[in-house]
Amino acid sequence: MHSVDLIISLRCIIKAYDGVLKRICAEYGLTLLEAKVLSFLHNNPEMNTAGDISEYRMLSKGNVSQAVESLIRRGYMGRTPDGADRRRVRLCLLPASVQIVERIDGEWKKFEERLFSDFSAEEIVYYDRSREKLMRSAREIMGENEENGQ
């Protein structure tokens with residue numbers, strides 16, 4: 001596989017899933033980033049700061065902050081100061097977001113089933129192992145780039 005093929009494959013999968021999310025966004029009047037923030041916080045409640053979301057999802061801090069502010073204004077999320085470090089603000093989902101995140105979870109399950117429908121159980125295990133190796137290598141490269149000021 002050529003490196004371009006890998007990048008195109010990954011972008012194709014992301015674009016396909018973004019299309020699924022966009023349908024949900026249209027129903028609830030959300031931006032794509034707002035839906036991703038809600039979904040992330042729902043699936044990772046321990047990673048509950050805008051910085052966590054930005055870092056883990058590799059998104060712009062400014063864009064994440066705008067999405068968070070919008071979601072708070074609309075009553076989908078709340079925030080509280082961290083008890084140990086008042087400079088940190090913890091985010092939480094509010095009851096108004098439950099229907100949205102449940103819908104996103106359901107659509108993710110359908111998407112994942114369809115995406116892997118032609119894979120055998122053995123191929124899925126192989127994929128998981130390969131994905132972990134790719135991520136480890138990519139994180140090493142990102143670390144090297146940061147060390148070199150890139």
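**Aromatic pairs and helix packing**

Q: Where does Tyr-127 fall, buried, exposed or in between?
A: Tyr-127 is partly exposed, because its relative accessible area is 32%. The model is a predicted one.

Q: And Phe-116, buried or exposed?
A: Phe-116 has a relative accessibility of 18%, so this residue counts as buried, the cut-off being under 20%.

Q: How many aromatic pairs are there in the whole structure?
A: A search of the whole structure gives 6 aromatic pairs. One of them joins Phe-40 and Tyr-56, with ring centres 5.5 Å apart and planes at 45°, so this pair is tilted.

Q: Which helices do Phe-40 and Tyr-56 lie in?
A: Phe-40 belongs to helix 2 and Tyr-56 to helix 3, so the pair ties together parts 16 residues apart in sequence.

Q: How accessible are Phe-40 and Tyr-56?
A: Phe-40 is buried at a relative accessible area of 4%, whereas Tyr-56 is partly exposed at 44%.

Q: Back to Phe-116 and Tyr-127: what is the angle between their ring planes?
A: Their planes stand at 55° and their centres are 5.1 Å apart, so the pair is tilted. Phe-116 is in the loop between helix 5 and helix 6 (121-147), while Tyr-127 is in helix 6, and the two are 11 residues apart.

Q: Which residues do ring pairs link into a cluster?
A: Tyr-17, Trp-108 and Phe-111 are linked into a cluster by ring pairs. Phe-111 is also among the buried residues of helix 5, which include Ile-100, Val-101 and Ile-104.

Q: How far does helix 5 reach?
A: Helix 5 covers residues 98-115, which is 18 residues, and spans 25 Å from first C-alpha to last, close to the expected 26 Å.

Q: At what angle do helix 2 and helix 5 pack?
A: Helix 2 (residues 32-43) and helix 5 pack at about 85°, and their axes are 10 Å apart. The two helices are therefore roughly perpendicular.

Q: Which residues meet there?
A: Helix 2 brings Ala-35, Leu-38, Ser-39, His-42 and Asn-43, and these meet Ile-100, Val-101, Ile-104 and Asp-105 of helix 5. By type, the contact has 5 nonpolar, 3 polar and 1 charged residues.

Q: New topic: where is Asp-52, and what is it in contact with?
A: Asp-52 sits in helix 3 (residues 50-57). Neighbours within four places in sequence aside, Asp-52 is in contact with Phe-40, Glu-46, Met-47, Arg-88 and Arg-90.

Q: Why does Asp-52 count as buried?
A: Its relative accessibility is 19%, and buried means under 20%, so Asp-52 qualifies.

Notes. Residues are numbered from 1 along each chain as its sequence is written. This is a predicted model: local features need pLDDT of at least 70, side-chain atom pairs count only at pLDDT 80 or more; totals for chains, interfaces and linings use all residues. Side-chain values use heavy atoms; hydrogens and water are left out. Helices (H or I, at least four residues) and strands (E, at least two) are DSSP runs, numbered from the N terminus. The expected span of a helix is 1.5 Å times one less than its number of residues. Buried means under 20% relative accessible area, exposed over 50%, partly exposed in between (1.4 Å probe, protein chains only). Contact means heavy atoms within 4.5 Å. Axes are lines fitted to C-alpha atoms, for helices over the stretch in contact, and angles run from 0 to 180 degrees between N-to-C directions. Angles under 35 degrees count as roughly parallel, over 145 as roughly antiparallel, 65 to 115 as roughly perpendicular and the rest as oblique. Ala, Val, Leu, Ile, Met, Phe, Trp, Tyr, Cys and Pro count as nonpolar, Asp, Glu, Lys and Arg as charged, and the others, Gly among them, as polar. Rings of Phe, Tyr and Trp (its six-membered ring) pair if their centres lie within 6.5 Å; planes under 30 degrees apart count as stacked, over 60 as edge-to-face and the rest as tilted.
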